[in-house]
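Here is a short tour of one model. Keep the sequence and the 3D view side by side as you read.

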Amino acid sequence: MAMGMAELGFPYWNPLRRRFPPDSPFFASGNVERELLAKQVALDFTEDEINNLQIIVETESRRISCPIVGCPERLKSLDNFEDHYKARHTASCSVCSRVYPTSRLLSIHISEAHDSFFQAKVARGYDMYECLVEGCGLKFKNYKARHRHLVDKHKFPTTFEFFKRTQLSKKRREKLQKQRVPKLKHEEDKEEASSDAMEVEDKASLDGLVSALSTLTTSDTTPSNVSFGRRHGRGLTFVPRSVHREKPTNSSSTPGPKT
Amino acid sequence: MADDGSASNRRDPIKSSVGNVAGQRRRQQAVTVAKERRESLVRAKRLCRVGTNGGDDEDAFVENEMMIDEEQPVLEAQTVKAVEELKSAVQSQGKGVMQKRVTALRELRRLLSKSEFPPIDAALSAGAIPLLVQCLSFGSPDEQLLESAWCLTNIAAGKPEETKALLPALPLLVAHLGEKSSAPVAEQCAWAIGNVAGEGEELRNVLLSQGALPPLARMIFPDKGSTVRTAAWALSNLIKGPESKAAAQLVRVDGIVDAILRHLKKTDEEIATEIAWIVVYLSALSDIATSMLLKGGILQLLVERLATSDSLQLLIPVLRSLGNFVSVDPKAMLTILVGGQNTEENIINVLAKCLRSEHRVLKKEAAWVLSNIAAGSIEHKRMIHSSEAMPLLLRLLSTSPFDIKKEVAYVLGNLCVESAEGGDARPRIIQEHLVSIVSGGCLRGFIDLVRSPDIEAARLGLQFIELVLRGMPNGEGSKLVEGEDGIDAMERFQFHENEELRVMANSLVDKYFGEDYGIDE
């Protein structure tokens, strides 16, 4: 396992001395302080005024770019950034409580993960998997093809996964099942290792109706019942059954529910 | 810089009742002042409000009437008039012409010193510079030289293009730095030069090529006096780089290192402050200066100043100098240290004092210095780990603003890892330190860093999480990370634009929270 990490090229913590040139932004706040203090006496500022000025000067020059793919926002402060992130990038699925960075991606998720009509159309051969990039408009027959498109056309890295793939053993899933507390927001949850394949696999344990339509599909992806508040936010780790089939790794260990 | 020494003329009780309301308004305005004006406050230039020879009584009275912005147009009109007067005074001949010139200069100087934002542009447009240059000619009486240099000083304290307007005056200003000039004249010229040097690299290069450095350097040899202070400040502006040639030239001046060490040891805080800034730049830009200063025992002097002073003005450059010295190869540093003085421990204690300070800059830069020491030998790490700095660091990681937090993170992480020797070896974890630091409650702080939009901070957080996952005994790491919402934080990277971070986060989650997680409970 240790080898595995090294192969992945994880940049381990290595203590290094850090030296900065005198005009480095690292020293900017000290430089500003120097000048403000020097002028303090002449202009009769109080210490509070100096502090305020210092903060204004610094934050004006240092805007924070939101690091989420495709978001153009530049925020004035860390607090603003946190507010922005919560407001814009935590669109949460009311079905499975998973969280997405934009409402568009959320709605794509809902279609692909919770909509039996979607699965029905997929089964009938329609191109249902939309390209994730706004404005592109292309659609694909399956998850993998879309992924290939994202990589080829939009230069997404191959590691970029809309649906992250990990498997849990049945034992683990059952344990988590019992321990799970219903919640809507994903922050509170502590359980989660990766509850991914769970959604699909635990069909048997889901309450509610099984939509008639789901029995019509040949793909057994659909957790077609709606169960509110059961999940907590691993929206990004869900893998539809159709993906399991296509990717050779890992899928064999998970028993799939057959209708 | 502006009001050194003569404290008496600053807050005269007679004027304060009138000045109070105005003063309040001024303060309010100053704080909410527009961006352009804020810029003037953080420039490395300084207005001269009180003359270098203390000013006479008449001056003192007028000086303290600081004007408010609405009166600007009036001020400008008066300035134009003053320049006209000066022009006629310069052109005239005959009896009393000296006095006329001084009077005209003085009037212009007052207009340029009173207001918070002096009418520099008006003066320039009216053609002040050529006149002022003429007034600097050799053989002119001291008073004339003084007033002229004073006007030039304040013109140079303005915007970049205003400072550049002084170019024609520079050779004469440099010339009057010589030892034959009277002290106030030399000081005022140094001040003007300091403002020009503070503008930018281009002007610094011009000054250097005109030979400004050696005479300025010699002005700091005396033990005390406002001249030493002004010259030291001007010198610090001149050598600040980022090119190193000025610093290299300075260190070649005979006796300069001794003068610097002498001032750091004994002098009053105001002079020591400006000298410390010189040391900041020398230690950043000149290897020769660095080793000469180290050999001369500067570390001990810096430590003493840090231990005994409460002046933020002084502490900032002293701390930064220390940081610059430490960031040079610490092994080399250690061999030069004077033996038997426990300097290393003293350094750590004095840095702890800075961590306790309420000032952000001190906390941040002290943490930076500690992080470099912690990147050294195992002995250094142990020294920090067992010092009074530890509880401070742990507390700061949870409570301090972001930029301080980041530096503290570097310290704590560096304490837990041996510096890697070989090229591809995975650096070894010092488990004892890791365990104690984690049980000190630092994990939450690191996970906060993972959530931050700052790439460097997020990277640090992920690297530390890896240490915890790998290095905590009995595989406790995973539980601990999970317990602090670490998995959640790592999954944020799914849609992060930075690929390296995405891969890092994914690989950690895959490896430590994969399908086998929690199975063997």
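## Annotated spans in chain A

Start with residues 66-89 of chain A. Their end C-alpha atoms lie 10 Å apart. The span is 46% helix and 8% strand. Keep in mind that this is a predicted model.

Residues 66-89 belong to a UniProt annotation. The record, an unreviewed entry, places the feature "domain: C2H2-type" at residues 66-89, 93-114 and 131-154 of chain A. Now look at residues 131-154 of chain A. This span is 50% helix and 8% strand. Its end C-alpha atoms are 10 Å apart.

The domain assignment of chain A gives two ranges. Domain 1 covers 72-114, and domain 2 covers 121-165. Six residues of domain 1 of chain A are in contact with nine residues of domain 2 of chain A. The area buried between domain 1 and domain 2 of chain A is about 670 Å². Carbon and sulfur atoms give 58% of that area.

## Polar links across the interface

Two salt bridges are found across the interface of domain 1 and domain 2 of chain A. The count of residue pairs in polar contact between these domains is three, with both residues of a pair at pLDDT 80 or more. Helix H5 (residues 103-114) of chain A gives the largest share of the side of domain 1 that touches domain 2, with five residues. By class, that side of domain 1 has three nonpolar, one polar and two charged residues.

## Salt bridges in detail

Side chains of opposite charge can pair when their charged atoms come close. Glu130(A) and Arg104(A) form a salt bridge through their side chains, at 3.6 Å from N to O. The side chains of Arg146(A) and Glu112(A) also meet in a salt bridge, at 2.6 Å from N to O. Arg146(A) lies in helix H7 (residues 143-154) of chain A and Glu112(A) in helix H5 of chain A, so this pair ties together parts that are 34 residues apart in sequence. Over all chains, a search of the whole structure finds 27 salt bridges.

## Two backbone details in chain B

Now turn to chain B. A cis peptide bond joins Gly241(B) and Pro242(B), with omega about 5°. Pro242(B) sits in the loop between helix H14 (226-239) and helix H15 (245-251) of chain B.

Where is Asn474(B)? Its place is in the loop between helix H29 (455-471) and helix H30 (476-483) of chain B. Asn474(B) has a positive phi of about 55°, although it is not a glycine.

Definitions and conventions:
Residues are numbered from 1 along each chain as its sequence is written. Chains are lettered from A and ligands numbered from 1 in the order in which they are written. This is a predicted model: local features need pLDDT of at least 70, side-chain atom pairs count only at pLDDT 80 or more; totals for chains, interfaces and linings use all residues. Side-chain values use heavy atoms; hydrogens and water are left out. Domain bounds come from an automatic or database domain assignment. Contact means heavy atoms within 4.5 Å. Buried area is the accessible area (1.4 Å probe) that two parts lose on being put together, summed over both. A salt bridge is a side-chain nitrogen of Lys or Arg within 4 Å of a carboxyl oxygen of Asp or Glu. A polar contact is a pair of N or O atoms within 3.5 Å; within protein, one must be able to donate a hydrogen and the other to accept it, and residues adjacent in sequence count only if both atoms are side-chain atoms. Helices (H or I, at least four residues) and strands (E, at least two) are DSSP runs, numbered from the N terminus. Ala, Val, Leu, Ile, Met, Phe, Trp, Tyr, Cys and Pro count as nonpolar, Asp, Glu, Lys and Arg as charged, and the others, Gly among them, as polar. UniProt positions are given in the numbering used here, feature names are shortened, and annotations may be inferred rather than shown by experiment.
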